[in-house]
Amino acid sequence: MARKYDVIVFGASGFTGSLVAEYLAQNYIKKSSLSWAVAGRDEAKLKKLLDQLAENLGTNAVKEVDILVADANDFDALQQLAEKTKVVLSTTGPFWKFGSKLIEACVNKGTSYCDITGESPWVREMMANFNDKAKENRCRIVNLCGMDSVPSDVGCYVLANHMKKKHNCQLDHVNSYVITMRGGVSGGTIASMMNIFEQPNFAALTKELGNPYELVPKEYRPSFRQPDANGITFSNDIQRYTSAFVMAGVNSKVVHRTNHLLGNFYGTKFKYCEKMASGKGTIPGLSFHTTSSVSHMKEIAERFLSGIATTLALGTFVTGAYFSWTRPLLKYFLPKPGDGPDKATRESGKLVMKFFGVGDSEDAPQATATFITHRDPGYAETAKMVAESAICLSCDSEVLPERWGFLTPMAAMGEKLITRLQNAGIEIFTEPQDDMAARL
């Protein structure tokens with residue numbers, strides 16, 4: 001049966017949802033035949049959103065976008081919504097609170113789905129409950145289509161393709177680094193992170209939370225350990241100090257699930273490590289014989305301290321979120337759901353991630369990949385990533401790989417999504433490692 005819509009944006013009146021609606025209105029309202037609608041529980045807020053977009057963009061065509069009303073807890077309404085569209089795009093978090101019934105509705109109706117969750121334990125639970133039925137009903141359920149975890153998924157995927165095409169080998173390992181990350185934090189993201197700590201079975205979740213193979217079925221998990229991404233270390237790849245990156249845990253899980261879904265295309269012994277770069281530095285052990293050397297050592301010290309500050313900040317947040325008596329204090333000071341970075345912050349944001357890959361053949365070929373956004377990656381560019389993912393799932397469905405069920409962005413969409421992201425202004429490219437090192 002033909003579906004009325006290509007994409008329905010569920011949760012469009014929320015902070016990130018409104019950015020998705022704005023992206024679609026700016027880029028698809030007049031330039032394509034894409035049929036899309038907005039949905040949520042509050043019709044008045046959705047109408048206000050479309051009126052505001054029409055005013056901001058100077059076109060009344062936005063007002064003609066359909067509004068659908070459905071509550072995240074109303075299963076019947078969600079099923080009616082799902083059967084009207086090829087793809088549901090959801091930005092309604094925390095997903096553990098507001099996302100489960102929507103996924104079940106989509107699976108029941110054979111409707112593909114994507115979201116921006118970073119809640120890997122919830123994804124694992126949804127996989128356990130609905131993966132078999134999603135495969136049976138031939139729909140693609142693709143979580144983690146924003147900053148969590150498209151850049152990491154893409155970076156490893158393009159390196160694996162490069163190694164196969166250029167060197168006829170697989171990857172031994174990839175080290176990735178967040179070189180630059182500018183942007184803001186929204187209350188919705190904070191709420192989603194807090195919600196994991198508030199789960200009644202949190203103690204039982206902790207073992208899997210720290211497991212990079214959490215999203216890989218237990219019978220297929222490798223026996224060897226992955227590199228430790230915690231602590232402050234000096235990277236010879238980028239000649240900088242590095243520290244733990246807050247999203248490395250969930251990103252690593254997506255990378256390893258992609259490798260599993262692609263039949264170990266990256267390699268059977270593939271290892272992945274993702275860290276935050278503290279800034280430019282130089283190799284430790286530099287002589288103090290010149291003023292220049294003293295200056296370099298001062299810079300090293302500053303970057304090392306920056307790494308310590310990043311590690312302490314992350315540790316403070318996790319500690320505060322862990323204890324029930326400190327959570328209210330964190331919630332009081334941090335952004336509330338519905339809050340987020342202003343337009344100036346979003347427009348001035350940037351992400352640069354670099355991936356250093358080494359092949360598993362005897363000559364150990366090396367290559368690098370780069371993923372660059374030119375706006376705030378957490379919100380403006382996350383809206384772009386998830387919107388293009390939804391459009392890819394809908395409009396490119398017939399030419400996507402014949403895979404169904406719970407997939408990752410690259411396992412579901414691969415080159416088609418990469419091309420869409422590049423056409424939308426995200427830079428994605430590979431090059432020999434020597435060329436990369438010269439430009440760092």
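The points below are grouped by topic, from the whole chain to single residues.

This is a predicted model, and its chain holds 16 helices and 14 strands. The structure has one cavity of 30 Å³ or more, and the second largest pocket has a volume of about 360 Å³.

**The chain as a whole**

- Of the 440 residues in the chain, 53% are buried.
- Among the contacts in the chain with a separation of 6 or more, 78% are accounted for by residues 24 or more positions apart.
- The accessible surface of the chain comes to about 19500 Å², and carbon and sulfur atoms hold 51% of that area.

**The largest cavity**

- The space in the largest cavity amounts to about 60 Å³.
- The lining of this cavity consists of Val123, Met127, Asn143, Leu144, Leu215, Val254, Arg257, Phe406, Leu407, Thr408 and Pro409.
- At least two lining residues come from each of three elements, namely α6 (120-136), α10 (248-261) and β13 (405-407).
- Sorted by class, the lining of the largest cavity comprises eight nonpolar, two polar and one charged residues.

**Asn143, a residue of the cavity lining**

- Asn143, which is one of the residues lining the largest cavity, is located in the loop between β6 (140-142) and α7 (150-167).
- Asn143 counts as buried because its relative accessibility is 3%, where the cut-off for buried is under 20%.
- The side chain of Asn143 makes a polar contact with the side chain of Asp115, at 2.8 Å.
- Leaving aside residues up to four places away in sequence, Asn143 touches Ile103, Tyr113, Asp115, Thr117, Trp122, Val123, Phe406, Leu407 and Pro409; Val123, Phe406, Leu407 and Pro409 are also among the residues that line the largest cavity.

**The second largest pocket**

- The second largest pocket is lined by Ser13, Phe15, Ser18, Leu19, Glu22, Lys45, Lys48, Leu49, Gln52, Leu53, Asn56 and Arg346.
- Both α1 (15-28) and α2 (43-57) supply at least two residues of this lining, and α2 gives the most, with six residues.
- The lining of the second largest pocket divides into four nonpolar, four polar and four charged residues, whereas the lining of the largest cavity has eight nonpolar, two polar and one charged.

Key: Residues are numbered from 1 along each chain as its sequence is written. This is a predicted model: local features need pLDDT of at least 70, side-chain atom pairs count only at pLDDT 80 or more; totals for chains, interfaces and linings use all residues. Side-chain values use heavy atoms; hydrogens and water are left out. On a 1 Å grid over the protein atoms alone, a cavity is a set of points where a 1.4 Å probe fits but cannot get out, and a pocket is an open set with protein on both sides within 12 Å along at least five of seven lines; lining residues have an atom within 4 Å of a point. Grid points are joined across faces, edges and corners, and a volume is the space filled by probe spheres set on the points. Helices (H or I, at least four residues) and strands (E, at least two) are DSSP runs, numbered from the N terminus. Ala, Val, Leu, Ile, Met, Phe, Trp, Tyr, Cys and Pro count as nonpolar, Asp, Glu, Lys and Arg as charged, and the others, Gly among them, as polar. Buried means under 20% relative accessible area, exposed over 50%, partly exposed in between (1.4 Å probe, protein chains only). Contact means heavy atoms within 4.5 Å. Accessible areas come from the Shrake-Rupley method with a 1.4 Å probe; for residues, only the protein chains shown count as cover. A polar contact is a pair of N or O atoms within 3.5 Å; within protein, one must be able to donate a hydrogen and the other to accept it, and residues adjacent in sequence count only if both atoms are side-chain atoms.
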